[in-house]
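Hello,

Please find the structure below. My notes on its aromatic rings follow.

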Amino acid sequence: MSRLIMRRGPQPGKVFELTTDIVTIGGGSKNSVVIMDNDVSRDHCKLIRVMADYEVQDLNSVRGTFVSGQRVRDGWVLKPGDLIELGENVMLEYERASINVELQKVDLPAPTRHSEKPSPDAAPSLVMKVGPKPGNIYPLTDRKVTIGRDLTNDIVIQDPEISRFHLVLKWADTSYQIQELGSTNGTMVNGNVLPPATPTPLHANDAVQIATSIELIYTWQPDDIKIEAPKAVTPPPKRPSPKQTTKLTTSEQPVADSKPFGITTKRQTSRLGTGLQPGSLVDHVFITYARPEWESIVALMAVTMQDAGMDVWVDQYLIQGGDDWMVAVEQALSECWLLVVVVSPEALESRYVRLAYRYFFNREKPIIPLLYANVESLPLELRNSKAIRYNPQNPDATFKELMAEIRNRTP
């Protein structure tokens, strides 16, 4: 349980346990934390839970709210040890309860090499090892095979990180060559980034990683490929935009800014990082959902919205509960302007989904519930928002209605 400890003020050493999603602080008797001091306004500031921590917001107090000496004007995500000053006379130290999160190992094992073509009649295949359909086999029978999320591709993978036309395989003599088509999120073979428009030969059991969420194995013996439990894969380094002069590698990417308005946090991320730069989610729509519903609705919905020109962010490519995931979600909560909640019994039971819509509700940011499965009743935070009901017979009509409602909410 997180708490505040008064370090300076009328009751030094007093501990205030933080047990609710919203904690109000002020001199008025109706506040969660009541501090009687001339520097403390009747309604001075409030804390809003965001992931494992809280965000502090000033409530137009007379003497101001400060964190680490800087005045809080719009919002500041706290981290353990931060000192909150109310005017000049009161100082509170923020402490967060310890969280035990076991991060999954992300190092990919070295591939087991098979022989190349085992018989004259054999044909190669791609086997999905990590992705929406683990174990799925894609036989390669044409001299040219395109891969992407557009329905005209030979191999269609509908995932938001996959470009419409991501890569192509071309037969050359005894094997296929793989070529990048200038995708947004990149492609790697055995951990090496493929440069665009450069054919690269494939060998038996090569691992082809598309963006951060897909891993395919090129093999002549697809039945020998063992499919393990889902895991995260190493993301390809982002290509620099024409305006960038320094190439960023995965280990050099800046830590995501989980404090809004340019205030940088010290929270540590893993070697992989979040893949996000500060401010990169501004103007994005955040979709929150129960993870088992990714394949059944969310992937197609996100792709449809992206194809319509909307900026969308989902957390599917990160390990839920890990440090990188927490930092990324904090950034999404702070920067995304609208939240779509895929409503189902599983989603409403998820503490992470609840945290997202409560945060948006408390910040008075727009929320659109998408009613995917029947629930007994909507939580209070979602009842006053216009809901879109999912039509399983016509998903496209549902997504068009959703996008029209999003456009109506555009500031």
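Aromatic pairs

The count comes to eight aromatic pairs, where rings of Phe, Tyr and Trp (its six-membered ring) pair if their centres lie within 6.5 Å; planes under 30 degrees apart count as stacked, over 60 as edge-to-face and the rest as tilted. One of them is edge-to-face because the ring centres of Trp171 and Trp220 are 6.4 Å apart and the planes stand at 75 degrees. This pair joins distant parts of the chain, 49 residues apart: Trp171 is in strand S16 (residues 167-172), and Trp220 is in the loop between strand S22 (214-219) and strand S23 (285-288). Strands (E, at least two residues) and helices (H or I, at least four) are DSSP runs, numbered from the N terminus.

The model is predicted: local features need pLDDT of at least 70, side-chain atom pairs count only at pLDDT 80 or more, and totals for chains, interfaces and linings use all residues. Residues are numbered from 1 along each chain as its sequence is written, and side-chain values use heavy atoms, with hydrogens and water left out.

Trp220 is buried at 6% relative accessibility, while Trp171 is partly exposed at 23%. Buried means under 20% relative accessible area, exposed over 50%, and partly exposed in between (1.4 Å probe, protein chains only).

Trp325 and Tyr352 are also edge-to-face, because their ring centres are 4.7 Å apart and their planes are at 75 degrees. Trp325 belongs to helix H2 (residues 323-335) and Tyr352 to helix H4 (residues 351-362), 27 residues apart. Trp325 is buried, at 3%; Tyr352 is partly exposed, at 28%.

Trp171, Tyr176 and Trp220 form one aromatic cluster.

Regards
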